[in-house]
Protein chains: 2
Amino acid sequence: MSDSLASESPMGTLVSQLLAVASPQRMRILAELSHRELHVSELARRVRMSRALLYMHLRKLEVAGFVTGRLELGDDGKAVKIFSVLPFAVTIDSEVIARAVAASPESEEPS
Amino acid sequence: MSDSLASESPMGTLVSQLLAVASPQRMRILAELSHRELHVSELARRVRMSRALLYMHLRKLEVAGFVTGRLELGDDGKAVKIFSVLPFAVTIDSEVIARAVAASPESEEPS
DNA sequence: GACATGTGTAAGTTTCTTATTACAGGTGCA
DNA sequence: TGCACCTGTAATAAGAAACTTACACATGTC
């Protein structure tokens, strides 16, 4: 990924979203969260990965807009960070891609 | 991508497809080919990349089923490899992902 | 024959992502 | 106080993907 990816361009956004979801780990995370929202440590146990690693994946999913996290104070007074999936649907076909590329500055040819 | 990815599982297939298209370069390639089919060298000129690199990208797109290449004998007798896009449409949402994960052996928890 | 244009790949480098380990700090409870 | 939970991040190792360079070989044209 050598080019800047200018994360606001249509293509950049699409790429970020696709990259975020194009991972077995993150798919498992999304699948798990699609059943019920969970706090980080609990989620880490279910998907069997370290919290450190999970945080990395959650950050990507959050940036892409697929999940959201809120810090909540549990009944006992302990703070827990709860993540849940946001509704989303992305469809890709040659049309969508051609449009995204055409609308992105990076694709312009400097004469 | 530490796990085997067992490229036939539903999740593995989905991941491969998404990874194939989640790239600015490959999107540009697809966009270019969506207008008209082109032979490799010509395509390389248009997207401004070395043939060697382009081949790598084309291979990924071909494996994912987004493009196809055929070796053709040009009018002048020179062999040219022509690539064209295959019709495709992939939609992702939490439903699709949950299903793919559930249907994939990698996701099973060894008691 | 020299040259332009094309296909195809192997080897090696760089760069990015993923994963591990090790911290620092918080609350509640026995 | 010690233990069991929890949040959060920094440093770094390991692995995968992207990219470069350099080859071998083939055809048509000047």
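**Figure 1. β4 of chain A pairs with β4 of chain B in this predicted model.** A89(A) stands opposite D93(B), a residue of β4(B). The two strands, β4 (residues 89–93) of chain A and β4(B), run antiparallel and are joined by five bridges. Strands of a sheet pair through backbone hydrogen bonds, either parallel or antiparallel.

**Figure 2. Chain A and chain B meet across an interface.** On chain B, 30 residues are in contact with 30 residues of chain A. Four elements of chain B each supply at least two residues of the side that touches chain A: α1 (10–21), α2 (24–35), β4 (89–93) and α5 (94–102). By class, this side of chain B has 21 nonpolar residues, five polar and four charged. Of the interface residues of chain B, 100% are also interface residues in chain A, so the copies meet through the same surface.

**Figure 3. A rotation relates the two chains.** Chain B superposes on chain A by a rotation of 180° with 0.0 Å of shift along the axis, at an RMSD of 0.1 Å. The two copies are therefore related as by a two-fold rotation axis. Which residue of chain B comes closest to the rotation axis? That residue is T91(B), with its C-alpha at 2.1 Å.

**Figure 4. Chain A is built from helices and strands.** There are five helices and four strands in chain A. Along the sequence the pattern reads α-α-β-α-α-β-β-β-α. Chain A has 111 residues, and 32% of them count as buried. Among contacts in chain A with a separation of 6 or more, 52% come from residues 24 or more positions apart.

**Figure 5. Three strands of chain A form an open sheet.** The strand order is β1-β3-β2, and the pairing is antiparallel. β1 (38–39) and β2 (67–73) of chain A are the edge strands, each pairing on one side only. The helix α4(A) lies across β2 and β3 of chain A. Its direction makes an angle of about 115° with β2(A).

**Figure 6. β2(A) and β3(A) form a hairpin.** β2(A) and β3 (residues 79–85) of chain A run antiparallel and are joined by seven bridges. Two of the facing pairs can be located by residue. G69(A) has F83(A) as its bridge partner in β3(A). R70(A) stands opposite I82(A), also in β3(A). How many residues lie between the strands of the hairpin? There are five, and in this hairpin G77(A) takes a positive phi near 100°.

**Figure 7. Residues from both chains surround DNA strand C.** Which elements give two or more residues to the surface near DNA strand C? They are α4 (51–63) of chain A, together with α3 (40–47), α4 (51–63) and β3 (79–85) of chain B. The residues of this surface divide into twelve nonpolar, seven polar and six charged.

**Figure 8. DNA strand D also has residues of both chains around it.** Two or more residues each come from α3 (40–47), α4 and β3 of chain A, and from α4 of chain B. By class, the surface near DNA strand D has twelve nonpolar, seven polar and six charged residues.

**Figure 9. R48 has a positive phi in chain A and in chain B.** Most residues other than glycine have a negative phi. R48(A) has a phi near 55°, a positive value in a residue other than glycine. R48(B) has a positive phi of about 60°. Where do these residues sit? R48(A) is in the loop between α3 and α4 of chain A. R48(B) is in the loop between α3 and α4 of chain B. Is R48(A) buried or exposed? R48(A) has 11 C-beta neighbours inside 10 Å, so R48(A) counts as exposed; the cut-off for exposed is 12 or fewer. R48(B) has 11 C-beta neighbours inside 10 Å and therefore also counts as exposed.

Note on methods
Residues numbered from 1 in each chain as written. Chains lettered and ligands numbered in written order. Predicted model: local features only at pLDDT ≥ 70, side-chain atom pairs only at ≥ 80, totals over all residues. Near = placed C-beta within 6 Å. Nonpolar A, V, L, I, M, F, W, Y, C, P; charged D, E, K, R; others polar. Pairing = 2+ DSSP bridges. Contact = placed C-beta atoms within 7 Å. Axes fitted to C-alpha atoms, helices over the stretch in contact; angles between N-to-C directions. Buried ≥ 20, exposed ≤ 12 C-beta atoms within 10 Å, placed from the backbone. Least-squares fit on C-alpha atoms with pLDDT ≥ 70 in both.
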